[in-house]
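Student: I've got a new model to look through and I'd like to talk it over. Can we go through it together, one question at a time?

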Amino acid sequence: MSQDYNNPAFKKLLQKLQEESWQLELIISGFAIFGLFTIFDPLMQSVADAEDNEQIYKFVISLVATISCAILIFNLVLHVLLRGLWIGALGLRYVSGDIDYDSLKYSEKFTKYLKRRVGSFDRYIATLENYCSIIFAISFLLIFYVLAITFTILTIAFTANYVLDSDWLPGWISKGIGIPFMLFVVFGMLITFFDFVTLGSLKKKKWISKIYFPVYWVFSFITLSFLYRPLVYNFLDHKFGRRLSFVLVPFYIGIMILSSVKYQNSNYLKADLNSNDMIANIENYEDQLANSKVFTGDVTIPSKVIKDSYLKIFMPYSETVEDRVFAINPGLKPEKDIRGLKTDVVKINTNNSRSKRDSLTKVYIETFGEIYSIRIDSIPFESNFILSQNFREELGFETYLNLDSIPSGKHLLKINRMRIRNNDTTYWIVDRIPFWHFKN
């Protein structure tokens, strides 16, 4: 049956399915909205976690999933509301039929105006039906648009990182192929976008269409448009669907702007300022992080008030930390960097014995300790970091400072980071964390 799509019986079946599709739409929307609201907060958490830990792959995947989830939630909730209004209008029509303007006994001016502007109640129901069907369909088309933008950006990033800046490709290949391809993708992206927003204007002129066709063909694979192209052209050939699809875009932009609006009640005071000698940010204190969703700062201590004779310092690991270690001690940088996505199906052999790996890990941690310097007020402390995990099971580096020589009262923990560039050594501020020490 699916092969013989011109068969009258098949067309009759499609017509019947179209008339009854609203029931499936409501069922799918209901289950989808429940699932999307359930998963939205974990996705937001995953985006923030990936950004905090500088995990680019996880960040991209989580961000795309979050944007897609937000689009679906908005569209499907709008669809359910309009579909509910449509069902209510059908019920009302069953009771009272069409609008009888004459029975309202309005003046001739208002009667003519209402007949012209409001019109038939059946037309109102038909308009609601069109809105509902198009919004439901476009919800999933917009997800493909998000994926198209994502894959285009990833193509540019992949070309820049793995072709132009490649260490294993000869220069004449990386530059001779990478630069033309990068220019083709960038300009092709702009041309394709222009063709999209102008509803295919580049496809209409004979000589322009011949030049544009290779770009269109390549980007059909980059953006995966060959999967959803029938949906796109079905929208474009329908005036109502075309108009609605373009109205939704500024609607999303407006929602993004409104969601970013917040009230600021002070010219100087903010709760999210970095810790220093006058500010204590929650992200630096483990006892306050325990019951909150705030992400761990670059440095944490147990509490604002330290009653023990020692101070624990924890610094979470990130890929940037490892890059800094390699910059200070190039001998630790492996020939093949195994960071990034991997699978347990294919085991990666680093050709390092356990004893050699342990010795390199020891040098790695010692180098980390050389990069960071610790002071309490003006007193320097020697740090002996070990690899550990904090209360959130985050991997990081931990050390303990003896506070016997520190008097009671307020103090400021200072963490600086060494940086070497062009044989010039400088120290950058990592964190300034205030705390109070009271001896038991």
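Predicted model: local features only at pLDDT ≥ 70, side-chain atom pairs only at ≥ 80, totals over all residues.

Student: How far apart in space are Y285 and F435, C-alpha to C-alpha?

Tutor: In sequence, Y285 and F435 are 150 residues apart. In space, C-alpha to C-alpha, the separation is 9.5 Å.

Student: What share of the chain's contacts between residues at least 6 apart in sequence join residues at least 24 apart?

Tutor: The chain has 440 residues, and buried ones make up 32% of them. It holds 12 helices and 8 strands. Of the contacts between residues at least 6 apart in sequence, the share joining residues at least 24 apart is 62%.

Student: Now the open sheet: what is its strand order?

Tutor: Start from the edges, β2 (310-316) and β5 (386-389), each of which pairs on one side only. β2 pairs with β6 (residues 395-402) over 7 bridges, in the antiparallel sense. On the other pairing, 4 bridges join β5 to β6, also antiparallel. Put together, the order of the 3 strands is β2-β6-β5.

Student: What's the average twist from one strand to the next?

Tutor: That's an angle between N-to-C directions of lines fitted to C-alpha atoms. From one strand to the next, the twist averages 45°.

Student: Which residue in β6 is the bridge partner of P316?

Tutor: Look at S388 too, which stands opposite G396 in β6. For P316, the bridge partner in β6 is G396.

Student: Which residue in the turn between β5 and β6 has a positive phi?

Tutor: β5 and β6 form a hairpin, with 5 residues between them. In that turn, the positive phi of about 65° belongs to E393.

Student: Which element gives the largest share of the largest nonpolar core?

Tutor: This core has 29 residues, and L311, I313, I376 and L413 touch the most other members. Elements giving two or more residues to the core include β2, α11 (319-328), β3 (372-376) and β7 (409-421). The largest share, 4 residues, comes from α12.

Student: And how many residues are in the second, separate core?

Tutor: Among its members are L36, L43, I138 and L142. The size of that second core is 20 residues.

Student: What does I376 touch, not counting residues up to four places away in sequence?

Tutor: I376 is one of the residues that touch the most other members of the largest core. Setting aside residues up to four places away, I376 touches L311, F381, L401, L403, I406, H411, L412, L413 and F435.

Key:
Residues numbered from 1 in each chain as written. Heavy atoms only, no water. Pairing = 2+ DSSP bridges. Axes fitted to C-alpha atoms, helices over the stretch in contact; angles between N-to-C directions. Core = buried A, V, L, I, M, F, W, Y, C linked by side-chain atoms within 4.5 Å. Buried < 20%, exposed > 50% of the residue type's maximum accessible area, 1.4 Å probe, protein only. Contact = heavy atoms within 4.5 Å.
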